[in-house]
Structures are given as structure tokens and as C-alpha cells.
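Okay, thanks for coming, everyone.

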Amino acid sequence: MPGISRRKLFGLGAAGVAAAGAGTLAVASLPEEAAPARTGSASDPVPFYGEHQAGIVTPAQDRLHFVAFDVTTKDRAELVDLLQEWTSAAARMTQGQDAGTFGAVGGVPEAPPDDTGEALGLPASGLTLTIGFGPSLFDGRFGLADRKPAALAELPKFPGEALLPEISGGDLCVQACAHDPQVAVHAIRNLARIGFGKVSVRYSQLGFGRTSSTSRAQATPRNLMGFKDGTANLKLEDTDMLRDHLWVAEEDGAAWMAGGSYLVTRKIRMHIETWDRTSLTEQEAIFGRTKGEGAAHGMAKEFDEPDFAKKGPDGQPLIADIAHVKLAHPSSHGGARLLRRGYNFVDGSDGLGRLDAGLFFIAYQRDPHRQFVPVQLALARQDVLNEYIKHVSSGLFAIPPGVRDAGDYWGRTLFS
Amino acid sequence: MRNALLLGALALATLTACGGTEPAAPAASGSAPAGNGKVAVAASDTACQVGTAEVAAGTATFSITNGGSKVTEFYVYAPGDRVMGEVENIVPGLTRDLVIELPAGTYETACKPGMIGKGIRGPLKVTGEHKPLTDDAQLAEATASYQRYVRSQTDALLVKTQEFVDAVKAGDQEKAKALFPVSRTYWERIEPVAEIFGDLDPKIDGREEVIEEGMEFTGYHRLEKDLWATKDISGSGPIADQLMSDVKLVVEKANAEKLSPLQLGNGAKELLDEVATGKITGEEDRYSHTDLWDFAANLEGSQAAVQALRPVLEARDAALVKTLDEKFTAAETALEAHRKGDGWKLHTELSKDELKVLSDTINALAEPVSKIAAVVAQ
């Protein structure tokens with residue numbers, strides 16, 4: 001059975017293992033309603049098919065490879081064909097199989113293999129692949145202008161941002177998350193290769209450590225400033241809040257987006273060297289939380305709700321009005337919440353003796369203009385943290401609903 | 001049509017569909033059949049279980065039973081999604097047969113429940129005897145045609161390199177500079193052939209960094225450095241003479257070499273690899289920045305190899321030929337935007353965005369070109 005599985009035990013379900021040697025069994029789908037709270041082993045596959053795309057409420061994996069593409073073909077049919085090919089390869093790779101049916105070593109020797117091979121022998125490693133469509137895809141090239149959701153209107157300019165166009169935007173994006181960086185890179189590399197001639201890589205970003213937890217089963221990780229990040233994050237157990245704040249409903253405007261979400265990415269460069277010279281007191285005042293436990297000032301524990309009215313002996317609020325936790329808190333924005341899923345990055349060094357480091361911010365939400373935008377406007381205007389960070393790239397993408405089964409594909413509801 | 005046997009097998013994908021009254025055969029167990037009995041295919045909404053992953057070359061019959069709830073289709077694809085045979089509209093509960101001729105090679109089977117998408121794929125290996133490639137008259141004609149191309153290019157290479165060498169030896173810097181990219185054009189068009197002779201290629205076309213310890217930096221790029229960087233060719237005469245005698249030697253060898261069809265396919269790809277790694281980056285002609293001359297020559301040489309194979313490719317994979325035509329045209333058009341006079345803009349005159357457009361078109365072309373060798377090898 002050449003090319004069926006990188007590692008049969010992980011790649012196939014029990015039926016596939018039993019059938020090994022008896023012929024060819026292509027497994028189309030895993031059970032659609034996998035228990036949501038399951039974090040399982042870091043090597044396990046995550047179901048690809050379902051109502052929503054995986055990689056959003058999926059407990060955040062440790063590694064990221066994010067890529068944005070420009071669509072270079074002008075042919076709508078060719079784009080749809082690519083989305084179908086990608087879906088097929090993604091369904092395979094997320095289950096620990098090679099990108100193509102023959103795999104890295106199973107094809108004819110005269111042909112380049114249909115998988116690049118660096119993930120041979122590696123398990124699925126929790127790989128999820130999540131596709132998004134940027135505002136520029138709806139510019140009329142593919143007859144989609146009248147299908148553009150209002151929520152996909154470009155983000156406003158935020159004070160202080162220094163966006164580099166070459167690492168911003170994109171017609172398409174794919175977020176690959178996995179517990180093994182090699183598996184995430186392998187997935188993006190193979191999708192990029194399948195796309196040659198139809199899409200061109202605009203930029204890609206590696207992330208080496210998750211900075212948010214998306215499940216109560218996960219501990220809150222730390223960003224490169226050393227603080228716990230995303231304590232108040234939306235989590236997969238909050239079913240009602242996910243419905244209200246994360247998933248697009250049919251009545252939201254664009255029916256094809258029902259079951260989908262919107263993604264905002266921001267590459268945030270951190271001036272970590274100056275941050276590291278800042279006193280602990282000031283660092284904690286800027287965040288409004290303690291560095292060790294992560295508790296809001298005046299509170300004992302990380303998950304204790306902050307009390308912004310609480311005052312210290314000097315009569316001043318314990319949490320300053322311009323502290324990060326206050327500015328970003330849902331109570332400051334009519335309850336607006338985000339599902340954050342960012343990753344730390346270090347892209348080598350900048351030639352000036354400093355690490356080129358920071359946070360690749362990723363947030364999913366039902367409507368970025370009612371959720372991310374007000375929060376970021378408040379942060380951009382007032383946050384003292386701005387002295388230590390710079391937003392250098394920005395992306396906004398419509399995340400279509402999940403692929404239901406082998407007869408479905410990424411973006412079907414948009415293109416059909 | 002002298003080779004009706006092989007080509008006929010490829011061109012004909014016969015299809016018969018029987019009304020499905022016979023009971024569905026269960027998926028066959030056991031290993032690949034040596035002969036070709038019926039291969040049972042159990043199709044459902046979520047799986048596509050083919051009774052065997054290997055059949056013998058020749059006629060194969062697939063018997064597809066739709067046990068699912070959606071109408072399905074069954075396909076056998078050759079690499080590149082070339083349809084070898086298909087059965088459409090298999091309604092739930094029905095069994096239909098697909099009879100196809102399959103030469104040895106690797107294929108994919110696919111059921112398409114709901115008749116959309118790429119389907120549920122699985123591999124299929126077809127094994128058995130096949131004749132050596134050069135026995136095929138059409139392939140023999142392809143290599144002969146390409147050999148003629150090599151001869152025409154080597155003739156011009158000798159003439160133009162001699163003119164370039166003469167200009168260098170005469171101390172005429174301007175004339176030598178003008179002739180440098182022109183003489184290289186004939187070299188770059190057939191470079192994969194020259195590369196067969198491993199020791200000569202670095203002497204003629206080696207860049208400074210590939211020169212090993214104890215080896216002298218010679219050839220085109222040494223003269224390029226003398227002309228553009230050192231701006232002194234008073235001592236370049238011996239290097240020029242050496243280049244001419246090395247070129248004569250490689251031409252002699254290239255024309256004596258018997259090329260295989262696979263070498264044509266791989267050579268076409270290698271030329272595009274040269275563009276992607278050396279020319280787009282401006283590394284090849286770092287002193288003169290005449291990389292776009294080499295770019296154009298690589299592209300032309302790649303196309304010449306593909307054209308020589310064209311009758312073979314058309315018979316075996318017409319869809320690939322169509323894609324190749326489109327992508328070659330796109331690459332030529334992209335490059336044409338940078339024409340300047342009789343030649344090309346310097347690499348340094350192109351913006352990063354312009355270089356990315358060229359890079360994208362070469363990537364788009366090189367993928368289908370990389371599929372040629374496997375089609376030739378069938």
C-alpha cells in the first residue's frame with residue numbers, strides 16, 4: 001500500500017489498519033462529532049471534516065506556519081480547482097498521510113514525488129489547516145464582488161502602526177498549526193507547491209510557541225514579554241459565547257459564511273531589549289497584572305475577574321485606566337470578545353544586535369469591526385505597551401465554514 | 001503510426017457500462033492478481049475500497065458497486081489527473097463496469113460521491129513488461145530532432161565564442177562586452193547537454209565561488225570579471241584561448257553523445273531550475289548583470305526540448321501539452337516586458353516586484369515541465 005500513510009498507525013483509523021494488505025482503502029472522513037474537549041496525545045490527528053474548520057477552537061498547538069498567497073491565475077475555474085486540490089491534500093496531511101496518493105516514495109521514479117517527504121515517519125502531530133479569503137479576493141477578478149461580506153471591509157488605520165505591505169494582506173491565507181514544526185512547515189510547503197502557477201506566496205511566518213490557550217484543559221502560556229497572554233480568551237468550552245462572539249450566523253449578512261469566522265492577524269514586533277531593562281513594577285503596571293501568577297492587580301488568582309474600581313492606599317485605582325488589561329477587557333468594549341491564537345516568533349536578528357522578535361497575533365471573531373477594531377483602537381491610542389511594540393503587518397480574512405465530507409471543498413459555499 | 005501497440009494502448013480508454021443486475025461482489029481480499037480478473041470496487045459516501053492496489057498491464061475491468069446514498073462516479077487517473085477511464089452516474093445500489101487499457105505505471109483510482117470534488121483517491125500500480133524507451137520510433141524521432149537542435153546551437157556557439165574571444169584578445173573592451181551575452185545565449189540554450197561532461201562545465205561556465213582550491217578561475221565568467229570589474233583585459237588572452245579550446249571540446253562531445261528521451265525531459269526542467277536559482281537572483285552574471293540574456297536562452301532551450309518531445313506528449317498527455325503551451329507563453333510574455341533594443345534590460349534595472357513576477361511565471365512553468373519525464377518514461 002504505497003503512499004497511504006506516513007505512519008500507518010497514526011494515519012488510518014482502525015478500519016484502515018485492518019484492511020492493510022487486503023487492498024486499497026481510502027478513508028474519506030473521520031467521525032464528524034469528535035469530543036471537543038479532547039486534547040489527546042500531541043501526535044494524534046485532529047478531524048478535518050466538520051461544521052467549522054479545525055484550527056480555531058482546536059486546543060492551540062505549539063507551532064505555527066502561517067502563509068498568505070496572492071492569486072495569480074485570472075481563471076475562476078482554475079482557482080476552484082486549486083481549492084479542491086488543496087482540500088484533498090489537506091484532508092490527507094491532517095490525518096498524517098502524504099500530500100498526494102503516491103506519496104514521497106511511492107510514485108514513478110522519473111517523476112518528482114507528489115509529497116516532499118520531510119514528514120515521512122512523523123505522526124499527524126495535531127496538524128490543522130485553516131483557510132481564509134482576504135478582502136482583495138473579492139475585487140472582481142473572480143466574480144465575487146457582490147459576495148463580499150460587510151464584515152470583510154478593510155480595517156481602519158490604527159495610530160502608530162507601521163505596516164509593511166509586502167507582509168500584509170493577501171488574497172488567501174492558510175494557517176497551519178501542529179505540535180511538530182516540521183509537520184506544519186511540510187503542510188504549507190506542499191500546499192504552496194500544489195499552487196504554483198495559480199497562487200504565489202506573498203509572505204509566510206513561523207511561530208514557535210503558542211501565546212494563547214483555547215481550552216480550559218490548557219495552561220495559559222506566556223508571550224515574549226514574560227506575561228501570561230489571553231487569560232480572558234474565548235475557549236472551546238464556552239459554547240454559548242462561541243455562538244455569540246466567534247461563529248458567523250446566517251442572519252449576519254453573507255449566508256455563505258454561516259459557520260465561519262473572521263481572522264485578524266497582526267505581526268507585532270517587540271522591542272524586547274528595552275522591555276528587559278524595565279523594572280518589574282513598571283512592567284506589571286503596564287499590563288495591570290502580576291508577572292508570576294498573572295492575577296489582575298488587587299486579585300489573588302489569574303482567572304479572578306479584575307475589579308477596576310478597586311483603589312490602593314493612595315486613592316488611585318489599582319489598575320490604571322491605561323493598563324493593558326483594562327484597555328483590552330471586554331467590559332471596556334460592550335463585552336466584545338476575541339478568540340486569540342497567537343504565536344511567539346523570533347525571525348533571527350535585525351543586524352543591529354537585537355533579536356527580531358515578537359508576537360504573531362491571531363484572533364478569530366464573528367465581526368472584526370465590532371470586536372477587534374474597537375479593542376485595537378483603544379490599545380493603539382492609549383496603551384503604554386506601545387513604547388515597546390510596533391505593528392508591522394496586518395491581515396484580515398473571511399474563514400469559511402468547515403468542509404463537511406470528501407465531496408465538499410474549501411470555499412464551496414462561496415463559489416457554488 | 002509505426003508504434004500502434006504502445007500508442008494505441010494509451011489513446012484508447014474504452015468504457016463499457018452494464019446495467020447493474022448482478023449482485024455486488026464483495027471487496028476482493030488477498031494480494032494483487034497476476035492476471036486481470038474483475039476488480040471489485042466498493043463505493044460508499046465516505047470510502048472507496050478497491051479490491052487490489054496492483055493490476056497487470058493490459059486490459060483491466062473494474063466493477064463498481066455503489067453502496068452509499070449518493071450518486072457516485074469512478075475514475076482511473078494517470079499522473080497529472082489525466083483520465084484513463086471513467087464511469088459516471090452510478091446510482092445507489094447499482095454496479096457498473098469500467099474496462100480500460102492500462103500500460104505499466106502508477107495511477108490513481110477515485111470515487112466521487114455526490115459527483116463533486118477531487119474524490120476519494122487511492123493508488124493503483126500497473127506492472128508488467130514494457131519495451132525500452134528508445135525502441136519507440138516516436139521517441140527516437142524526438143531525440144533525433146533535439147540532436148539536430150543541439151547541432152545548430154553548437155555551430156553558432158563556436159562562431160560567436162570565436163568572435164568574443166577575438167575581441168578580448170584584440171583588447172576591444174566594448175566589442176567584447178557586447179558579444180559576451182550573445183555568445184552565452186547558445187551555451188545557455190543547451191547547457192544541460194554540456195553539463196553531462198562534468199569537468200568541462202566549470203571550466204567554461206564556472207562562477208568564481210565554485211572554483212575549487214588549486215583550480216584556476218577560467219571561462220566566460222572570468223572574462224566577464226576582467227571586462228566589467230577589473231576593467232583590464234590586457235592579460236586575458238590565455239584565458240580566452242583556453243575558453244575557445246574548451247568550448248570546441250564540449251561541442252565535439254555534445255554532438256557525439258546519444259541522448260535519451262528522459263534526458264530531454266529532465267534537461268527542459270533543469271534549464272528552468274537554472275533560471276530560478278541563478279538568473280532571477282542575478283548571481284549568474286554578477287559583473288555584467290546580463291542575466292536576462294541567459295534567462296531568455298534557458299527558456300528557449302527548455303522549450304526546444306519540449307517541442308522535440310511534443311508528438312510523444314500529445315499522444316500520451318494532450319492536457320499536459322496544453323498547459324505547457326499556456327505556461328511557456330506566459331513566461332515569454334513576462335520576459336518580453338523587459339526587452340531593450342536587440343537585447344534585454346540589465347538585472348539591476350528590474351525592481352523586486354518585477355523579479356517576483358518573473359519568478360512566479362517560472363515556478364508556474366517548471367511544475368508542468370517537471371511532469372514530462374514521467375510521461376516520457378511510461
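Predicted model: local features only at pLDDT ≥ 70, side-chain atom pairs only at ≥ 80, totals over all residues.

Residues are numbered from 1 along each chain as its sequence is written, with chains lettered from A and ligands numbered from 1 in the order in which they are written.

Chain B, then: it has twelve helices and eleven strands, which are DSSP runs numbered from the N terminus (H or I, at least four residues, for helices; E, at least two, for strands). Of its 378 residues, 47% count as buried, meaning 20 or more other C-beta atoms within 10 Å of their own, placed from the backbone.

Now helix H2 of chain B, residues 137-169. At 1.5 Å a residue, its 33 residues should span 48 Å, and the end C-alpha atoms are 47 Å apart, which agrees; the expected span is 1.5 Å times one less than the number of residues. After H2(B) comes B:Gly171, with a positive phi near 75 degrees.Last, the pair. H6 (residues 220-230) and H7 (residues 237-256), both of chain B, pack at about 150 degrees with axes 9 Å apart; the axes are lines fitted to C-alpha atoms over the stretch in contact, and angles run from 0 to 180 degrees between N-to-C directions. That makes H6(B) roughly antiparallel to H7(B), a label for angles over 145 degrees. Who meets whom? B:Tyr220, B:Arg222 and B:Leu223 in H6(B) meet B:Ile239, B:Ala240 and B:Leu243 in H7(B), contact being C-beta atoms within 7 Å.

Definitions and conventions. Parallel < 35°, antiparallel > 145°, perpendicular 65-115°, else oblique. Contact = placed C-beta atoms within 7 Å. Buried ≥ 20, exposed ≤ 12 C-beta atoms within 10 Å, placed from the backbone.
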